[in-house]
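Please go through the model below with its sequence at hand. The text takes a helix and then a sheet.

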Amino acid sequence: MGYVSTAVKSVPAVLLGSLLNILDGVSYGMIIFPAYGIFDELHMAPLGVSMFFLSTLLSQLTYTLGASQFPGANGSMMIEVVPFFHLIAMSIASDLEAPGEILATTLVSYALSSILTGLAFFLLGYLKLGAVIGFFPRHILVGCIGGVGAFLIETGLEVSLSLTSTETSTPLPHLFSSVHNVILWSVPLFLAVFLRVGTWLHGKFRKDGDGEGGQGVFVGYFIAIPMIFYIVVLAARIPLDTLRDEGWIFDVRGGDDGVGWYKFYDYYDFSQVRFKPIWDTLPTQFALLFFNILHPPLNVPALSVSLCEDSIDTNRELVAHGYSNLLAGIFGTVPNYLVYVNTLLFYRVGGTTRISGFMLAIATGILLIAGTTFVGYIPIMVVGALIFVLGIDLVKEAVWDTRGRVSPSEYLTIISIMICMTVFDFVIGVLFGIIVCCFFFVIQTSRLSVIRALHTGSTAPSTVRRPSAQRAYIREVSGTQTCVMRLGGFMFFGNVREVEEGVNKVLGVAEEGTPGIRFLVLDLTHVVGVDMSALEGLVRVRRTLEKRAVCLVICGVRRGVGPVGRALDSFFGHDVGERGHSGEVAAAQVEVFDTFGDAMEWTENAYLRVWFRSQKVARGVPFLLPGRQDGDITAYHSDIVGSPRRSQLYEAGTRTIANDKRARSSEHSLREPLPTLQRTFSSYTSEDLSPLLPYLQRVCYPAGHTLWRQNDAADGLYIIEKGVLRALYVFKSWGSGSGLEAEDDDDGVPHIEESMVSGTLAGELTALSNMPRNTTMMVERDVVLWKLTRDALGRMQADEPAFARMFVEAVLKAAKIDYDILMAALATRQ
């Protein structure tokens, strides 16, 4: 009883679905074959209706028997590709002469389009690529839809006037050739316009205002038209032959009127199939295939939203489309798909089960078996009005509905595709749309700035902890002689010119008598790829910098790793990161670093080396530096004495490092750790630090030793006398362990590195607060440290409370400055 009850409740939905199939079959099945030559002579239009119902039946059975996740899915022939069928048929007819060869080859081509469509859908679904199709530019599809709409309006005029393609390439000359012709096409056009205005008003004045009730009006409207037509005919007693002669009903006399639906199989004579014309139609076949595969990935998600079906798998629906189209190809008919509008209406009137879908399949089978006898009694105005309605809807969707919703370039693309499809053909229109889309994409992308930010060396410093005098020197020098240019996105021929212009602008900023830049740092961390034109642009940048003796520093990329690293490695060759010969200018090189921090660390070390070398220091820099150790910039020595760059280095060093050296001239008579304490705390306190000596202990560690790990208990703070420490801050992202975290290193864990040189503190905040270590501290170069344990700090606070307070305050001041600089450095790296 449950099945019977469900079947009874499904009757209204089945009737509605059958009526929609009849309307679509009559209007679009009739135009599967063009009104051209042999196709018109043999009256192939009724056989097109049979092929329509056969394809619809096969798709309905496929979806209903479990292939689709929508129990009430409605399948139908894919009506939007009729223009491509005309191109295929006319191409074959122009290559062949024998009627049997033309019909057999055309039918095989139609079946081939179904097989290709089925294979494409099946592979897309099987390979889980359904979502990828959704990334295709929507406005190209809209332009193609508008082109189909224009084609249907033209076809509606041809059908209404009973024209054939042999008479004219366009119906325009016949529109006003006689009053009779004007009446023939104006009546169906008026019916179509009147319907659309009426349904719009019906939806406008409904309480919910959504206009869905207009679909019920649509069905009733096209049932009423033939009824009124025949009432008028019977009242006027007009013979049917007269109506056929005058072009009011279809004339199928002499065309085997009333034959069975299987009549088109008589033309499947494989001995007469010619494969050369089929091969010639392959471009059109692929254009048809391209147009076919764009619909379901867009329709299925939209239908699932409309029906509140949240668990629909688009890939499974694509596989279902693959099965239904492969069946259509095997049975020799045209492609099909799941129809969004029909399915939605079917659900709204109770067709929500597979029983209702199976009943619709039975009803479609009955329509198929009934044959095409009824075609000879269909008023042409009904078919013409139906074609006009769909054509107007599609043109409206492309031209009117997109106003204000798309950019001017996208709207221009839509209109140009429609014009190209109308003036030339659909294949050229699709290709033209893709080319125009690519052209505008290049223009729009090139307008997006590839330069994310510009910094000086003082606003984007390294994360190295340095004594205050060195820090002041580097801040002053790098603020004018180091330029950081952060790039992002994909670098290609459309935007590399912006980089070149930016570099020229930076080089032109320095006026006569002011220091120019010594380092140009290009940060490629956020660059995802470069093309050959972009690489050539970088070579031009390099040559420009060579003329100015400016060193190009590239960071955020590993040589030979990833698309950017491989491109740079192959393009710049072995000169990258290598020292020049004795007679060469070192600034002609390109220095490459894995990270931005390494690059800035290297440039800052270079400034220090140049200063100390200019002071005739025997050992060069009288302390160890972190990072790469080849930071000598011999190009400074090629500068003319008194040049702005050399003068600024000397003056900045005199005001900072030299003053600090003179202030500490008495250090040579002192024993460690007092000289180290003075270098570390002289900027924060003027008090005598001798009371601290009894609480310190000297420790030494070799390179590679780990002082502590993150989250270890704090055992004290360290003052660096010699060597370099490197702190590693490791942060767990919110997606850690889920595969969603950002990959900042080889382990996929975000981290920050900070180097600490002689005359700085390490571990001070965690030691004072008695909290777990927030870093992992390793020895980069052999170190000599002075350690103040927590126990010693406690004793000092008990023995020397005033001195202890002063010392803690000085430590906090140093920590505050260090962390301010660290945060500033990190803030510029986003």
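Helices (H or I, at least four residues) and strands (E, at least two) are DSSP runs, numbered from the N terminus. This is a predicted model, in which local features need pLDDT of at least 70, side-chain atom pairs count only at pLDDT 80 or more, and totals for chains, interfaces and linings use all residues. Residues are numbered from 1 along each chain as its sequence is written, and side-chain values use heavy atoms, with hydrogens and water left out.

Helix 17 has 16 residues (354–369), and at 1.5 Å a residue it should span 22 Å, which agrees with the 22 Å between its end C-alpha atoms; the expected span is 1.5 Å times one less than the number of residues. Buried residues of helix 17 include Ser356, Gly357, Met359 and Leu360, where buried means under 20% relative accessible area (1.4 Å probe, protein chains only). After helix 17 comes glycine 371, with a positive phi near 80 degrees.

Elsewhere, 5 strands make up an open sheet of mixed pairing, ordered 3-4-5-6-7. Strand 3 (451–456) and strand 7 (590–593) are the edge strands, each pairing on one side only; two strands pair if DSSP finds at least two bridges between them. Strand 4 (residues 482–491) and strand 5 (residues 519–530) run parallel, joined by 9 bridges. Helix 21 (residues 468–481) lies across strands 3, 4 and 5, at about 50 degrees to strand 4; axes are lines fitted to C-alpha atoms, for helices over the stretch in contact, and angles run from 0 to 180 degrees between N-to-C directions.

Notes:
Buried < 20%, exposed > 50% of the residue type's maximum accessible area, 1.4 Å probe, protein only. Contact = heavy atoms within 4.5 Å.
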